[in-house]
Amino acid sequence: MSRTYAVAAVAAVVLTTLLVGGFGLRISRTTSDFYVASRTVRPRLNAAAISGEYLSAASFLGIAGLVLVHGPDMLWYPVGYTAGYLLLLVFVAAPLRRSGAYTLPDFAEGRLESRQVRRLVSVLVVGAGWLYLVPQLQGAGLTLKILTGAPGWLGDVLVASVVVTAVAAGGMRSITFVQVFQYWLKLTALLVPAIFLVLAWHGSGHPRGTFDEQLSVFRADHPLYATYGLIIATFLGTMGLPHVVVRFYTSPNGRDARRTTVVVLALIGTFYLLPPVYGALGRVYAPELIHGGDADAAVLLLPERVIGGLGGDLLGALIAGGAFAAFLSTASGLTMAVAGVITQDVLPSRGVRHFRLATVLAMCVPLAGSLMVSRVPVADSVGMAFAVSASSFCPLLILGIWWRRLTPPGAIAGLLLGGGSAFLSVAITVSGAVRPPGWPHTLLAWPAVWSVPVGFLAMVLVSLATPGRIPPGTNAAMTRFHLPEALMPGRHR
């Protein structure tokens with residue numbers, strides 16, 4: 001691939017991101033603009049922004065890499081990533097918007113009237129956000145290295161710098177426009193090359209790869225258990241992802257929050273038709289990546305392998321731009337979510353100046369982690385963040401919204417035992433302290449199978465054991481969650 005075209009594409013995406021972010025700065029006036037865009041983002045625009053930040057490096061590069069290595073079993077990733085929004089639509093979207101919160105810790109404190117619960121949720125939000133940010137930065141480093149031969153750390157630092165600049169400049173207003181632009185860029189960057197790749201494959205006589213050889217690269221050696229772990233994590237983890245949840249607070253009302261979710265299902269469902277195509281074609285044209293440990297690079301390399309010449313260079317440059325948009329959009333949303341929590345729960349003031357300081361703090365730790373921790377396939381790494389979310393925030397949201405008897409001690413027990421154990425399992429897995437094969441590694445690498453039930457059971461059992469701790473404002477909170485705004489004048493914010 002021509003380095004000139006690749007560098008030009010990446011530079012164009014970075015420059016456009018900064019320009020669009022600058023436009024957001026011009027119309028960001030209040031603290032509410034920075035946190036939730038003053039709750040004025042309409043469904044179609046919000047859905048494109050959610051899709052833009054949700055479709056991360058795991059979606060753009062990782063799914064194709066896993067399909068390349070492990071075959072059709074990995075199609076559970078796009079299915080799970082999409083189906084999670086069905087559960088979010090049914091159980092969470094509208095009540096969460098009606099809560100009037102800015103962040104997950106706001107929701108937790110408002111529902112349970114407990115500062116302890118708020119602090120614990122804040123720690124988990126920051127931890128999950130950082131865990132999710134690391135593969136975005138590492139994916140950027142891999143992409144820039146493959147496309148230009150630059151040192152791997154350069155991509156990490158470049159994405160971190162652009163994200164901090166865009167988020168600190170205009171907050172939620174700014175990144176909303178950035179993420180809308182980046183969703184459509186990512187879809188175009190995969191769709192257009194895929195059409196030409198399939199036509200080239202068809203014109204060369206339909207050569208076929210084989211998926212008979214099922215290799216194990218970081219995968220558990222108990223595939224059925226790993227599959228269930230993946231399904232549970234992706235189906236239930238979506239509703240608790242901090243950067244996804246915070247976008248529903250930007251909707252004008254609960255009805256618009258539901259409409260937003262329906263549009264998101266259409267947008268991400270369309271996108272997820274494309275990565276498996278690249279994984280299947282990778283088996284035909286780049287089978288050496290299976291053994292080389294760089295399967296995530298299949299999407300980037302296929303245009304040159306299949307088409308070549310100027311056409312391959314141009315298509316490769318388009319994919320390069322889309323890949324960088326994936327890193328930037330997801331990293332922007334995560335940084336926004338983490339910075340909001342740091343501003344409200346760590347720094348002494350909640351003003352715009354402290355929000356900008358929090359943005360820098362939100363990026364420093366994952367940047368250091370991406371530079372020091374060895375690479376893990378991005379889809380697997382993101383799957384771990386989903387497991388933490390499914391084990392902690394999912395029980396808190398489901399029970400907090402739908403069960404009146406939830407108590408602060410119950411919530412704390414569930415968050416510690418469910419989310420805490422999942423987070424510890426992920427940390428041990430990434431550190432390499434427990435290596436495959438064997439059940440210990442399998443249980444730690446795919447914790448959602450046991451950590452999600454632990455989180456739910458702990459919240460329910462401890463809440464039942466502490467009936468005297470039910471918050472006095474529970475009935476008012478439940479009414480606010482479930483009554484349409486029109487029936488509660490003055491309550492929707």
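**Overall make-up**

I started with secondary structure: the chain has 22 helices and zero strands. Here helices (H or I, at least four residues) and strands (E, at least two) are DSSP runs, numbered from the N terminus. The model is predicted, so I note that local features need pLDDT of at least 70, side-chain atom pairs count only at pLDDT 80 or more, and totals for chains, interfaces and linings use all residues. Residues are numbered from 1 along each chain as its sequence is written, and side-chain values use heavy atoms, with hydrogens and water left out.

Next I checked burial. Of the 493 residues in the chain, 61% are buried; buried means under 20% relative accessible area, exposed over 50%, partly exposed in between (1.4 Å probe, protein chains only). I also looked at contacts (heavy atoms within 4.5 Å). Among those in the chain with a separation of 6 or more, 86% join residues 24 or more positions apart.

**Cores**

I looked up the nonpolar cores, each a set of buried Ala, Val, Leu, Ile, Met, Phe, Trp, Tyr and Cys residues joined through side-chain atoms within 4.5 Å. The largest has 139 residues, and Tyr54, Phe60, Tyr81, Tyr85, Val121, Val159 and Tyr278 touch the most other members. Helix α9 (residues 152–203) gives the largest share of this core, 17 residues. A second, separate core has nine residues, including Leu68, Ala295, Ala297 and Ala298.

What does Phe60 contact, leaving aside its neighbours within four places in sequence? I found Lys186, Ala189, Leu190, Phe271, Val299, Ile319, Gly322, Ala323 and Ala326.

**Helix pairs**

For packing I used axes, which are lines fitted to C-alpha atoms, for helices over the stretch in contact, with angles from 0 to 180 degrees between N-to-C directions. Angles under 35 degrees count as roughly parallel, over 145 as roughly antiparallel, 65 to 115 as roughly perpendicular and the rest as oblique. A crossing is left-handed if the near helix is turned anticlockwise from the far one by less than a right angle, and right-handed if clockwise. For residue classes, Ala, Val, Leu, Ile, Met, Phe, Trp, Tyr, Cys and Pro count as nonpolar, Asp, Glu, Lys and Arg as charged, and the others, Gly among them, as polar.

I took α13 (residues 275–285) and α15 (residues 298–306) to begin with: they pack at about 50°, axes 10 Å apart. That angle makes α13 oblique to α15, and the crossing is left-handed. Tyr278, Leu281, Gly282 and Tyr285 of α13 meet Val299, Leu302, Arg305 and Val306 of α15. I get six nonpolar, one polar and one charged residues in this contact.

Then I went to α8 (residues 115–148) and α16 (residues 309–345), whose axes come within 9 Å and cross at roughly 160°. So α8 is roughly antiparallel to α16. This crossing is left-handed as well, and the contact has 18 nonpolar, eight polar and two charged residues.

**Helix α7 and what follows**

Is α7 (residues 104–112) mostly covered or open? Mostly covered, with seven of its nine residues buried: Leu104, Pro105, Asp106, Phe107, Ala108, Arg111 and Leu112.

Glu113 sits in the loop between α7 and α8 and has a positive phi of about 55°. Most residues other than glycine have a negative phi. Glu113 counts as partly exposed because its relative accessibility is 43%.
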